Amino acid sequence: MKSSGGTRLADLLTALALVFISAGALLLVTSRWDLPTVPLLIVAGLMIGPFVAEGELLTLAQWGIAFLVFGFGVREDLTRVKVTFTDAGWVALAQILVLGTVVIGLALWWGLSLWDATYLGIAAALSSTIVGSENLRQAIVGRKVHGWLADSVHFLEDLLAVVLVLVLTALAVGLPVADALAWGVVFFAVAFVINRFLFGALEWLAGSSQELMTMGAVTVLVGFLAASELVGISIVVGAFAAGLAIRADAERYLSMLNGLDSIQSFFSAIFFVTLGALVSWVGVEALAWVGVLVVATAVVKPGLTMVVLTLRGYDARTASRVAAGLDQVSEFALVIAIHGFLAGVLAPGLFDAIVLAAAATMVTSALTVEYGAGVYERWLRRLLGERAPSRVVRESRVEEGLGGHVIVAGFGEVGRPLVGRLLEEGERVVVVESDPRLREEHVEAAVENYVAGDASLPMVWELARAEHASLIVSTVPEPPVAEALLGLETEAVRLLEAVDREAALALLDRGVEGAFVRDSTASFQLVDDVRAVLEDPERLEEVQDANRRLLSLGGSGLW
Amino acid sequence: MTTIALAADFAIIVAAATVMGLIARQLGQPTIVAYLATGLVLGPVMFDVVTAEGLVELMAELGLGFLLFLLGIKMRLDDIREILRPVINIAVLQTVLQTALAFGVAYVLGFSMTETVVIALATVFGATPIIVKVLTDKDEITTLPGKIDVGVLIIQDIYLVIVLAMFSAENIANPREIGVTLLVVLGMMVAIGFIAIASSRYVLPRLFKTIADKKDVFFLLGIAWAFVFILVTEHFNLSVEVGAFLAGLSIAQLPYSTELEERIAPLTDFFILVFFSSIGLHLAADDLLAYWVEAVIASIILLVGNFWIMFYLIDREKFSVETSFLGSINMIQVSEFSLVVGGLALAQGFIDAQVLGFLSLMALGTMTFSTYVITYNNEIYDRVRPFFSRWESEEKRDVALRTYEGHAVAIGYDEITRRVLPLLDEHFDDVIVIDRRTDHVDTLKAAGFDVIYGDLRHREVRKAANLAKASFVLSSSAQTEINARLIDETADDALVFMEAENHKDAVRMYEAGADYVIMPASLTVQSLIGLLEAYREGRETLESKLEDAHEKLRGNPLG
């Protein structure tokens, strides 16, 4: 069919080929460093910018936006709003109110229009879910406090971004804001109805066909997009609502979600590359704004995050890790910016600045997760170093003259059942736990003695009366915690969790009495159970019962 | 933002095709039939609301490109190695005989010489998507008749690519011109094929190895690779499809091909829908029905003739009568590729729209009919068995295919599974490990395990491990959607051990039917409780017990 389309088709195909080849080449060249994909796609766009006519790609890029936002909707669980608002809500609020306002003020003072200032403020305030969750995947999957907090902040900011897009687009096209908001509510209501009632019908009709389920989901998206065009609100709102409409149980709709994921990856890659290709000419002023945005997101924002979390009672390590997960410009800011750019309300130079700042901070953010959390933590300790100890003392409770006791650091999945067992056997236990939420809800109810602080601080061990203890078990596999324990003067047997085998062996070499690695320890136990069942299938029930009893020890989960 | 092509033709096609697809599904028809019908409904034949221009044309072109890329990726010679020789014999002779039959039929029906050549070349192919889809749904794709069919289809693909390339020529009625074109095309194919093979041996393994662990990068690089070939073939004036096919072929023999295939497939589904619909869009009612009598006659002759040709050829290779019958009756239809070839011939001006209409009618009719035939192939054989028994003889026997049975499958190579693997190796003849990290694949292969590279989310990967026949499954994935799928797909009497991230998931997995849920935290607690008991007996007991544990930790099970 090659010759039928004429040159336009050939041009489009060539443009598309350039998009993917440049992206592929760049990803390949940079594959040895663990960089996030999104900024690399933008850079690939910068490289091919002079050679492609973006006009051809813009339509495909729009589909990229639609699928990207749709993907967010599919994954969001709105019921989380209730649970997350407290701490994550404060962080999100501070970022938007304080940081957003400061940048908007700065831009106005510089003489930019209110439109331009607003877009810059949004770019400074919102953080990227894609990059953030890619960087913190381990922590999120493992339900670590910092992963969960950062993830919740992203979630709240994404919701807010959808509202911002709704309002800003309405203003740009002259639709009354109240009307736009009302339409937004209608869309979400329709999405809810579809999800509740019509989605099941689709499933019934499609049967086991992944292809039809996937195409059905795309059709829902197409319907919502068309509807949003019809009433004049942003397609982002339509795409998000469509995502909520087909939000589905990952277990049952695995292949449909896989299918959507592929289509989304394809189109969103086009979006990010096109975004880079749109950056045309970077003037001095634009560069200055890149600088401002980078400082605002990579320096001021983490500082703000840490201050808020410290005020909420989190320890320095958790606060700094959350901060390191949030120090980048959001892809939603890019979606919002391209809206403004295409609507003609955002100056091209500033659009360039936002795109460049996003690419830059997404790269730096990958580095800060690796190395920066430590830097942030040191800043924080320097900043608040004087305050923290008094707080630890105030919130801890340890019986005077306690001795011969067991100290358990960390009240998580391992710590908690262990403490339960120790208490059953009549041991006197001191728990060390830094997470304020966990402490208020679980630790205080379970034990009489606890220290409310980070186990890497020597003063925490002093408070826990470590020198008089007879056994210390740490279930926090962090090097700083191990260091604190290694430096301790105590007669107690120290049993430390390490993050991996090498770390455990290193600890043993340095003289701790015991070291364990969670997965290795678990695997020894598992090997015994598997052997029992394979050698005598009759024993399955017995092994199973023992395992289920063990599970119930862990309780019904902490989160 | 009003420029988005949402109200555009493309969106309408997607929505309409999905609705038609859902209807077809209720009638037991494949989606391709629905997509063709969609084009007829939306195009000049009925409502005439959509035209195949601009974006639609690009998407259609991409659809065809991705379809051939996917076909190329699927050409894993390993899959048909055991029956390669008979399959080549069957495929070559079948191509010759069926082309002759179709040529004769078209000639007798009064088509011109050029048209007759196009029809003869276009109608040889079996409908890969239909055969593969229906047989997979019936779980017959890995049976001997299924493998023979797949093998013949694979070889037909090469033939298809040659035919497509030939049609880039100016005139196909002139034998000398055909000869020259064929030589040029073959020369180029050999050259590009050589590059493809060379890169699949020297460049790609290293290239993909560095990035295969990153899901998105891997996917984008796969697409980029296809586009490189598309650009090159386009530059040499070969059709885009040839390039895409060769790109796929060069990846096919890599261990990562199954994984890439799974990611590309949904994208292909998405675009191919546009392609098949666009065929209908090109046809007017007059065109479609111009040769309807001829189409009916030709369809009947080809349905019967194709069956006997295939039956004769498979029987000739001394397979059992049942295998010959089933292998033949699956392959009777005229495939969608007749439309690919016909579309190209139309674009080149070799035929007019009425001949394409003739081909479309034949494809629609025979594919619809053969879907039912394949679905009930065993029942039909039971009915006609007495008649076919005359071909039975002593020397005809089916070769035994090697499949996994009563084996153990381990998902994920990590700290938990690696210590269990040697134990499984003692108890089972085959231990297959599924993992998606290239360095793990190397380690495991070196240790003598069968390894499948890929993500268990993907059906192809689960199928490759033949989960249904496994006796023992050990999953170190804690993702409940994957584990739920595992429980579904394994036999009831298989032992299924799987990991869970938290207590809630663990309980759910037990309810879903897991035999044993591995929670590393709980197993660790169990082991720590053992240490606590030792601690209560005295410091020395504890220390000796710790020494044992450390000794285990130092050991490395796979050496």
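**Helix pair.** I started with helix H5 (residues 113–122) of chain B and helix H15 (residues 337–348) of chain B, which pack at an angle of about 150° with their axes 8 Å apart. Angles over 145 degrees count as roughly antiparallel, so H5(B) is roughly antiparallel to H15(B). I noted that this is a predicted model.

I checked the handedness next: H5(B) passes H15(B) in a right-handed crossing. Then I listed who meets whom. From H5(B) come B:Val118, B:Leu121 and B:Ala122; from H15(B) come B:Ser338, B:Val341, B:Gly342 and B:Ala345. By class, this contact of H5(B) with H15(B) has five nonpolar residues, two polar ones and no charged ones.

**Chain contact.** I turned to the two chains. I found 98 residues of chain A in contact with 94 residues of chain B. Which helix gives the most to the side of chain A that touches chain B? I found helix H23 (residues 518–535) of chain A, with 15 residues. I sorted that side of chain A by class: 50 nonpolar, 33 polar and 15 charged residues.

**Sheet.** I traced an open sheet of six strands in chain A, with parallel pairing and the order S3-S2-S1-S4-S5-S6. Its edge strands are S3 (449–451) and S6 (514–517) of chain A, and each pairs on one side only. The twist averages 15° from one strand to the next.

I looked at one pair inside it. Four bridges join S4 (residues 471–474) of chain A to S5 (residues 493–498) of chain A. There, A:Ile472 stands opposite A:Arg494 in S5(A).

Last, I placed a helix on the sheet. Helix H22 (residues 501–509) of chain A lies across S5 and S6 of chain A, and runs at about 180° to S6(A).

Note on methods: Residues are numbered from 1 along each chain as its sequence is written. Chains are lettered from A and ligands numbered from 1 in the order in which they are written. This is a predicted model: local features need pLDDT of at least 70, side-chain atom pairs count only at pLDDT 80 or more; totals for chains, interfaces and linings use all residues. Axes are lines fitted to C-alpha atoms, for helices over the stretch in contact, and angles run from 0 to 180 degrees between N-to-C directions. Helices (H or I, at least four residues) and strands (E, at least two) are DSSP runs, numbered from the N terminus. Angles under 35 degrees count as roughly parallel, over 145 as roughly antiparallel, 65 to 115 as roughly perpendicular and the rest as oblique. A crossing is left-handed if the near helix is turned anticlockwise from the far one by less than a right angle, and right-handed if clockwise. Two residues are in contact if their C-beta atoms, placed from the backbone, lie within 7 Å. Ala, Val, Leu, Ile, Met, Phe, Trp, Tyr, Cys and Pro count as nonpolar, Asp, Glu, Lys and Arg as charged, and the others, Gly among them, as polar. Two strands pair if DSSP finds at least two bridges between them.
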